[in-house]
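Subject: Predicted structure for your review

Dear colleague,

Please find below the structure that I am handing over to you. My notes on what was found in it follow.

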Amino acid sequence: MWTKKLPGEAVLAWRRRFVASLAVVFGLNACAMVETTESGAVGIDRRQSMSPLVSEEQINRGADEAYVQVLAEAKAKNALNRDAAQTARVRTVAQRLIPQTATFRADAPRWEWEVNVLTTPELNAWCMPGGKIAVYSGLLERLQLTDAELAAVMGHEIAHALREHGRERASRAVGQGVALGVFGAITGIGDAGLDLAQLALEMTLALPNSRTQEVEADRIGVELAARAGYDPHAAVTLWEKMGPPAQGTPPKWLSTHPPREDRLRDLREYADKMMPLYQARR
Ligand SMILES: [Zn+2]
């Protein structure tokens with residue numbers, strides 16, 4: 001994710017309810033070490049710690065619900081897919097990327113993918129667990145993205161979903177002794193509201209990715225784009241277009257995103273490595 005701004009009142013309300021629903025759960029956290037993806041040509045093979053209290057099915061159900069809500073809110077504000085040509089373009093790029101996810105996860109091409117454009121000036125895009133994508137018009141218009149740069153953005157966001165980075169972050173929260181009200185309901189302790197939609201929104205829009213997760217998403221994104229026939233170096237130009245951080249208070253995402261120069265260097269290195277995949281598609 002490029003920024004962590006939340007897109008509107010519904011989401012803010014969710015956030016407040018999320019914070020209010022924080023609860024402590026003891027003795028329920030035997031995390032399993034799992035591999036969410038194959039390693040791909042980029043060689044991502046970090047094993048991830050996942051709490052049994054946060055299942056993929058539950059997260060995906062929550063994401064489906066949250067996505068419906070976000071779209072409904074956008075539609076009510078006439079901010080959903082307002083430019084038909086722009087929406088078609090974004091969906092065309094996504095349709096080239098999605099089959100490439102099979103390299104990392106055999107199940108992913110069969111996910112119920114959805115791709116929509118939200119009208120907002122923010123430079124942002126995200127992919128919720130299970131493949132629910134949003135691209136903000138500000139990113140497309142203010143940065144004048146090429147198709148390859150758009151593929152880089154979406155490839156990065158899709159990679160977070162493939163690696164289940166949101167579930168990993170939620171698992172870590174449980175591991176630190178902080179659990180969400182929803183877990184009580186899942187495990188039958190108490191009757192806290194089972195608000196999986198809220199959890200999915202938090203994971204997508206608020207809980208920051210770790211630097212490790214960002215590096216993984218960068219590298220997998222570069223491979224997805226190359227395999228889809230987009231020049232993987234567009235990830236570098238995209239990041240250059242984002243420009244240096246603004247003066248003043250650093251945005252929240254800066255605290256967790258890799259330093260800019262490190263990121264550019266890593267993207268260049270992996271784009272170079274992925275060139276044979278790209279050239280094979282040309
Ligand atoms: Zn990211």
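Helices H3 and H5

Helix H3 covers residues 84-97 and helix H5 covers residues 147-162; they pack at an angle of about 60°, and their axes are 10 Å apart. H3 and H5 are therefore oblique to each other. The crossing in which H3 passes H5 is right-handed. On the H3 side, the contact is made by Arg-89, Val-90, Val-93, Ala-94 and Leu-97, and on the H5 side by Asp-147, Leu-150, Ala-151, Met-154, Gly-155 and Ile-158. Sorted by class, the residues in this contact of H3 with H5 are 8 nonpolar, 1 polar and 2 charged.

The chain as a whole

The protein chain contains 11 helices and 7 strands. It has 282 residues, of which 54% count as buried. Its accessible surface comes to about 12200 Å², and carbon and sulfur atoms hold 54% of that surface. Among contacts in the protein chain with a separation of 6 or more, 76% are between residues 24 or more positions apart.

Helices H2 and H8

Helix H2 (residues 56-76) packs with H8 at an angle of about 85°, the axes being 7 Å apart. H2 and H8 are therefore roughly perpendicular to each other. From H2, the residues Gln-58, Ile-59, Arg-61, Gly-62, Ala-63, Glu-65, Ala-66 and Val-70 take part; they meet Leu-196, Ala-197, Leu-199, Ala-200, Leu-201 and Met-203 in H8. This contact of H2 with H8 divides into 10 nonpolar, 2 polar and 2 charged residues.

One residue of this contact may be followed further. Leu-201 lies in helix H8, which spans residues 196-205. Leu-201 counts as buried because its relative accessibility is 3%, and buried means under 20%. Between Leu-201 and Ile-59 there are 9.9 Å in space, C-alpha to C-alpha, although the two are 142 residues apart in sequence.

Helices H10 and H11

Which residues of helix H10 (residues 234-242) are buried? They are Ala-234, Ala-235, Val-236, Leu-238, Trp-239 and Met-242. The buried residues of H10 pack against helix H4 (137-142), H5, helix H9 (211-227) and helix H11 (260-281).

With H11, the axis of H10 comes within 8 Å, and the two cross at roughly 160°. H10 and H11 are therefore roughly antiparallel to each other. Their crossing is left-handed. Ala-235, Val-236, Trp-239 and Glu-240 make the contact from H10, and Arg-260, Arg-263, Leu-264, Leu-267 and Arg-268 make it from H11. In this contact of H10 with H11, 5 residues are nonpolar, none is polar and 4 are charged. After H10 comes Gly-243, which has a positive phi, near 75°.

Residues in loops

Trp-111 is located in the loop between H3 and strand S4 (114-118). Is Trp-111 buried or exposed? Trp-111 counts as buried, because its relative accessibility is 13%. Neighbours within four places in sequence aside, Trp-111 is in contact with Glu-56, Arg-105, Gly-130, Gly-131, Ala-161 and Leu-162. For Trp-111 and Gly-130, which are 19 residues apart along the chain, the C-alpha atoms are separated by 6.2 Å.

Two further loop residues deserve a note on their backbone. Asn-81 is found in the loop between H2 and H3. Phi of Asn-81 is positive, near 50°, in a residue other than glycine. With a relative accessible area of 22%, Asn-81 is partly exposed.

Glu-164 lies in the loop between H5 and helix H6 (165-175). Phi of Glu-164 is likewise positive, near 50°, and the residue is other than glycine. Glu-164 is buried, its relative accessible area being 10%.

Yours sincerely

How values were computed
Residues numbered from 1 in each chain as written. Predicted model: local features only at pLDDT ≥ 70, side-chain atom pairs only at ≥ 80, totals over all residues. Heavy atoms only, no water. Helix = DSSP H or I, 4+ residues; strand = E, 2+ residues; numbered from the N terminus. Buried < 20%, exposed > 50% of the residue type's maximum accessible area, 1.4 Å probe, protein only. Axes fitted to C-alpha atoms, helices over the stretch in contact; angles between N-to-C directions. Parallel < 35°, antiparallel > 145°, perpendicular 65-115°, else oblique. Left-handed = near helix turned anticlockwise from the far one by under 90°. Contact = heavy atoms within 4.5 Å. Nonpolar A, V, L, I, M, F, W, Y, C, P; charged D, E, K, R; others polar. Areas by Shrake-Rupley, 256 points an atom, 1.4 Å probe, with all protein chains shown as cover.
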